[in-house]
Amino acid sequence: MGFERVGTWRQFLHWGPILALSVIFTISLVAIRCHVMWWPPLMSLGAFVNFSCFLSWVALTLHNYFSACIKGPGFVPIMWKPKNPQHEQFLQYCEACQGYKAPRSHHCRKCGRCVMKMDHHCPWINTCCGHLNHANFCWFLLFAPIGCLHALFILIPSIYRALNFHYYFHARPNDPLVYLGVWGFVVTMFAIGLAIGVIIAVGMLFYIQIRSVLKNETGIESWIIDKALDRDREEEEGEFIYPYNLGWKENLRQVFTWTGRPKSNGIRWDVAHGCHQFSLTMEQVMQKREKRERTIEYMITEKYSGSLFPITKGVRTGCCVPCTDEPRISVDIGDRVLVTRWKKRWLYGCKIAAEVIEGHTVTKRLRGWFPRSCAIQVIDDNMNDDNMNDKKDS
C-alpha cells in the first residue's frame with residue numbers, strides 16, 4: 001500500500017522549523033564568512049578541501065532535515081480496516097480517525113492522525129518522527145552536530161586571529177587577516193554558543209534515537225515494554241517477548257536502506273520467532289484493560305477553563321502544573337470524568353462530551369489534566385473505603 005503524506009509549505013510556518021532553520025543558517029553563514037577570511041578556499045588545496053567538507057555537512061544536514069519534514073512519518077489512511085475482518089478483534093479502534101490502528105501505530109493529537117510506528121511528535125520538524133522519516137531524522141541528528149563541530153574549528157581560530165589582528169598585520173602580513181569588528185565579534189561568539197548547544201543537545205538526541213533503532217523500538221513502545229515486564233501475567237499468557245527485536249544488524253536494516261525507503265510497508269512488520277503481527281497490540285490492549293479497571297470516577301464541582309496556569313485555583317496548583325505537553329481539558333460543574341492518573345494537585349482523565357455535527361450527535365472522548373480541587377470522587381456503595389484508598393494511591 002502507498003504511504004500517505006500531508007507535508008506542505010505551511011508546515012514550516014511554525015516556531016519549531018523557523019527556530020531550527022535559523023540556528024542552522026546562522027552557524028553556517030558565520031562559519032563561511034570566517035572561513036573565507038581565515039583560510040580562503042582558493043589559497044591552497046587544504047583550504048578548498050576543508051571548505052568543501054563544511055559545505056557538505058551543511059548540505060547533508062539541510063537535505064535530511066527537509067526530507068524528514070516533507071516525507072512525514074507516514075499516516076494510516078482514514079477509516080482504515082485490515083483486509084481480513086477477523087483481525088479486527090486484535091486491533092484498537094481510533095474514534096478520531098474512524099478506523100482501526102495498524103500494528104505499531106498510535107494517534108497523534110497534534111497531527112490529528114494515526115501515525116505509522118510513531119516515536120514522538122517533534123516540534124523542530126513540526127510533525128511526528130515515525131516510520132517513513134525515521135532514517136532521515138537520525139541522519140539529521142548525526143550531521144548537525146558534526147557540522148557544528150567543524151564550525152567550531154573554523155570559528156575559534158577566526159576569533160583568535162581577530163583578537164590578534166594587529167600582530168598578524170605587522171608581524172605576519174602575508175597571513176590572511178580576520179577582521180570582525182564589534183558586531184561581527186558578537187555574532188561570531190553567538191554562533192559559537194549555538195554550535196556548542198547543538199552539539200550537546202542534538203548529540204544526546206541522536207544517541208537516544210540510535211539506541212531505539214538498534215533495539216527496533218520506539219519511545220512509546222519502550223513504555224509498553226516496561227509495563228509488560230512489570231505486569232502480573234496470567235499463566236496462559238506466557239512470558240512476554242518483544243516481537244520486533246530482530247537483532248541489532250537486522251534492526252538497522254529495517255530503518256536504513258540504500259533506497260531511503262524503510263523495509264516495512266508500515267502495516268505489516270517482520271517479527272521475531274514465536275511472535276505474530278498482533279503480539280504487541282494484544283499486550284497493549286491488556287494493559288489498557290487493566291488501566292480501565294483502575295479508573296475512578298470524579299464529579300466536577302468547580303468550573304475550569306483549561307488554562308495552563310490556573311492561579312485562581314490556588315497558587316500551588318497554578319505553579320505546580322504537570323511537567324508534560326499533554327493537554328488540559330475544560331470542565332463544567334456536573335461533568336463526570338474517568339480519572340486514570342493522579343498527582344498531588346492535578347488529575348488526568350477522560351471526559352465524555354457530546355457534539356452536534358450536521359444535525360447528528362457525535363460522542364467524543366476528551367483526555368487531559370485538570371485541577372484536583374475542581375472535583376470530588378464518586379463513591380461506589382459496593383466498594384469499601386479501603387479499596388478506594390488503595391486505588392487512589394496506585
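Guide: A residue is called exposed when its relative accessible area is over 50%, and buried when that area is under 20%. C319 has a relative accessibility of 55%, so C319 counts as exposed. C94 has a relative accessible area of 5%, and therefore C94 is buried.

Keep in mind that the model is predicted. The protein chain has an average pLDDT of 90, and 92% of the residues score at least 70. Over residues 383-394, however, the pLDDT is below 50. That stretch still has 17 contacts in the model beyond near neighbours in sequence.

Now to the sulfur atoms. A disulfide requires two cysteine sulfur atoms within 2.5 Å. C319 is in no disulfide either. The nearest cysteine sulfur to that of C319 is in C320, 6.3 Å away. The count for the structure is 0 disulfides.

Cysteines also turn up in the account of the nonpolar cores. The largest nonpolar core has 38 residues, and I27, Y65, I125, F137, L155, L180 and V198 touch the most other members. Two or more residues of this core come from each of α1 (15-38), α2 (45-71), α3 (134-163) and α5 (181-215). The largest share, 11 residues, is supplied by α3. Leaving aside residues up to four places away in sequence, V198 touches C148, along with V23, I27, A144, P145 and G203. Apart from this core lies another, of 17 residues, and C374 is among them, as are V321, Y348 and W369.

Y348 leads on to the largest pocket. Y348 is one of the lining residues closest to the centre of this pocket, together with H107, K288, K291 and R367. The lining has 50 residues, and the volume of the pocket is about 2,600 Å³. The largest share of the lining, 8 residues, comes from α8. Elements that each supply at least two lining residues include α6 (219-230), α8 (279-293), β8 (336-342), β9 (346-357) and β10 (360-371). Another of these elements is β1 (93-94).

To return to the request: C94 is buried, C319 is exposed, and the structure holds 0 disulfides.

Definitions and conventions
Residues numbered from 1 in each chain as written. Predicted model: local features only at pLDDT ≥ 70, side-chain atom pairs only at ≥ 80, totals over all residues. Heavy atoms only, no water. pLDDT = per-residue confidence, 0-100. Contact = heavy atoms within 4.5 Å. Core = buried A, V, L, I, M, F, W, Y, C linked by side-chain atoms within 4.5 Å. Buried < 20%, exposed > 50% of the residue type's maximum accessible area, 1.4 Å probe, protein only. Helix = DSSP H or I, 4+ residues; strand = E, 2+ residues; numbered from the N terminus. 1 Å grid on protein atoms, 1.4 Å probe; cavity = no way out; pocket = protein on both sides within 12 Å on 5 of 7 lines; lining within 4 Å. Points joined across faces, edges and corners; volume = space filled by probe spheres on them.
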